[in-house]
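Q: Pick one part of the fold and take me through it closely. Which neighbours does it have, and how is it covered?

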Amino acid sequence: MDSTSSEAISGIRTVFEAVIADGLRRESVVGATDAEIDTALAAQGVSGAPSAVREVLRLVGRSPGLWLAGSGFGVQAMTSAMKANALATLATLPSHGIGDPASALVLVEHQAYEYHLIDGADLGQSDPPVWLVTEGETAIADAAWPSTTQWFRWAAPDISRFRERLEVLREVGKPHLPAWAEDIRL
């Protein structure tokens with residue numbers, strides 16, 4: 001493993017451990033195995049993943065819990081259909097800067113109109129940029145996050161905000177807390 005791969009992995013782990021330290025229960029997320037990751041990559045026609053992406057999936061890729069809750073994310077969501085939807089959205093844009101969309105790795109699908117992906121041309125980098133592709137009136141394709149580590153930091157659940165929501169629910173006397181309450185250490 002080269003030093004840039006080690007730095008990328010270290011950066012991802014630092015983000016993850018900060019969220020755990022803030023109060024996310026470690027057992028509320030489950031990482032994917034390398035075999036599961038390879039299966040997800042193959043489903044999208046991609047032979048390899050950058051070190052940072054692989055580490056994200058090893059930490060939260062099988063069951064992401066509060067990480068990107070409400071979006072299709074993780075090895076079970078990373079299907080050929082997800083990629084086809086992202087490519088169809090890209091095809092509607094008049095122009096974009098993605099160098100190799102056919103080889104792109106789609107990480108997230110949010111309600112079939114927003115995608116987070118790695119440009120196929122960048123898959124050889126350890127910690128490549130993550131693109132945001134959105135359809136609609138303000139359709140865009142933008143390298144929104146300069147690195148996968150910065151994207152993972154952006155996507156991290158804000159545990160203090162979840163904790164505040166729980167306190168409000170308890171103050172108003174809610175008899176049943178949401179299922180995600182079990183994922184937070186108080």
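A: Start at Glu114: its bridge partner in E4 is Thr134. This is a predicted model, where local features need pLDDT of at least 70, side-chain atom pairs count only at pLDDT 80 or more, and totals for chains, interfaces and linings use all residues. Numbering runs from 1 along each chain as its sequence is written, and side-chain values use heavy atoms, without hydrogens or water.

E3 spans residues 114-118 (strands are DSSP runs of at least two E residues, helices of at least four H or I, numbered from the N terminus).

Val106 has Leu117 of E3 as its bridge partner. E2 and E3 make a hairpin with 3 residues between them. Gln111 sits in that turn, with a positive phi of about 50°.

Now the cover. E3 is mostly covered, with 5 of its 5 residues buried (under 20% relative accessible area; exposed is over 50%, partly exposed in between; 1.4 Å probe, protein chains only). Glu114, His116 and Ile118 point one way from E3. Tyr115 and Leu117 point the other way. Residues on both sides are buried. So Glu114 is a buried residue of E3 under the 20% cut-off, and Thr134 of E4 is its bridge partner. Leu117, also buried, is the bridge partner of Val106.

Key. Two strands pair if DSSP finds at least two bridges between them.
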